[in-house]
Amino acid sequence: MALRTPVGESGAMNTYPVTVRGSLDESLSRWRWLVKWLLAIPHYVVLLFLWIGFVLSTIAAFFALLFTGRYPRRFFAYNVGVLRWSWRVSFYATDVLGTDRYPPFTLQDVADYPAHLEIEYPEHHRRGLRLIGWWLVGIPQYAIAGLLGGGLFFGWGVANWGVHSPGVVGVLMLVVGVLLLIGRGYPRGIFELVMGLNRWGLRVAAYCSFLTPEYPPFRLDQGGDEPTPFAGAARSA
C-alpha cells in the first residue's frame, strides 16, 4: 500500500476524478464527540430514505449505461448529492470527528462547511458486457474499503453503510476521542491519515456505483486537500 502519491514528469501529482476535502476545526469540544452520533440521528433517518433512492437510481443508471453508455445526469446529480450528504455527516459524527459544526440538510455543496465532495461527470462510460466485467474487477477494492472503513459507533461509513465491526477508521476515531477527552487535542497526523482512508473509501464508493469509469488507485492520498493535479494528464475512459 503506497503512502505517497506518485509524482508526474512535471512534478505535480496525479488526481482521481473524485474530489474529497476536509478542514480540521482548531478548537474541538473535549466531550461532544460522545454524543455526536445521537445528535446526528435526524440525518440518519433522512439518509435511510435517501440511500434507498440511491440504490434504485443506481440500478436504473446501470441499465441506462448497459445500453447507452451514458449515466443519466439527474440520477448522477442525486447520487453524488447523497454521497456528499453522507460524507458531511460522517465527517462530523463518526468517520473523522473533524468539526463540531452541525451538518446542513442538503444534497448540494455548502461552500463554508468544512467537508466537501465533488465527482466529475463521466462523458464517456463503458457499456454492454464490458460494463459488467469492469465492475467485477473492483472486488479487491471493495474488500479493502470494507476493512479500512467503519467509523465510530455502529460502524457508520459512507462506503459501507450499516452496522458492522469497526475497521481501521473506527479504531483511529476511538483514539482521537480519548485524546480529545483528556485534553490532548486532535493530532494532525491522525487527521491526515483518516482523511486518506475516507478518501479511498469514497473513491471506491463512486466506482462501485458507476459514478466514475476510472479504477480507484491503490494508494493512500493523505491530508485534507486532494493532491495537486498533473497538468495535462489524460484520464482513460
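**View 1. Helix α3, residues 73–93, in a predicted model**. Helix α3 has 21 residues and spans 30 Å from first to last C-alpha, close to the expected 30 Å (1.5 Å times one less than the number of residues). Helices are DSSP runs of H or I with at least four residues, numbered from the N terminus. Of the 21 residues of α3, 16 are buried (under 20% relative accessible area, 1.4 Å probe, protein chains only).

**View 2. Aromatic pair F91 and F191**. Rings of Phe, Tyr and Trp (its six-membered ring) pair if their centres lie within 6.5 Å; planes under 30 degrees apart count as stacked, over 60 as edge-to-face and the rest as tilted. The ring centres of F91 and F191 are 6.4 Å apart with planes at 85 degrees, so the pair is edge-to-face. F91 belongs to helix α3 and F191 to helix α7 (residues 188–208), 100 residues apart. Both F91 and F191 are buried.

**View 3. Aromatic pair W134 and Y207**. Here the ring centres of W134 and Y207 lie 4.4 Å apart and the planes stand at 55 degrees, so the pair is tilted. W134 is in helix α4 (residues 129–136) and Y207 in helix α7, 73 residues apart. W134 and Y207 are both buried. One aromatic cluster includes W134, Y207, F62 and W200.

**Notes.** Residues are numbered from 1 along each chain as its sequence is written. In this predicted model, local features need pLDDT of at least 70, side-chain atom pairs count only at pLDDT 80 or more, and totals for chains, interfaces and linings use all residues, while side-chain values use heavy atoms, without hydrogens and water.

Key:
Helix = DSSP H or I, 4+ residues; strand = E, 2+ residues; numbered from the N terminus. Buried < 20%, exposed > 50% of the residue type's maximum accessible area, 1.4 Å probe, protein only.
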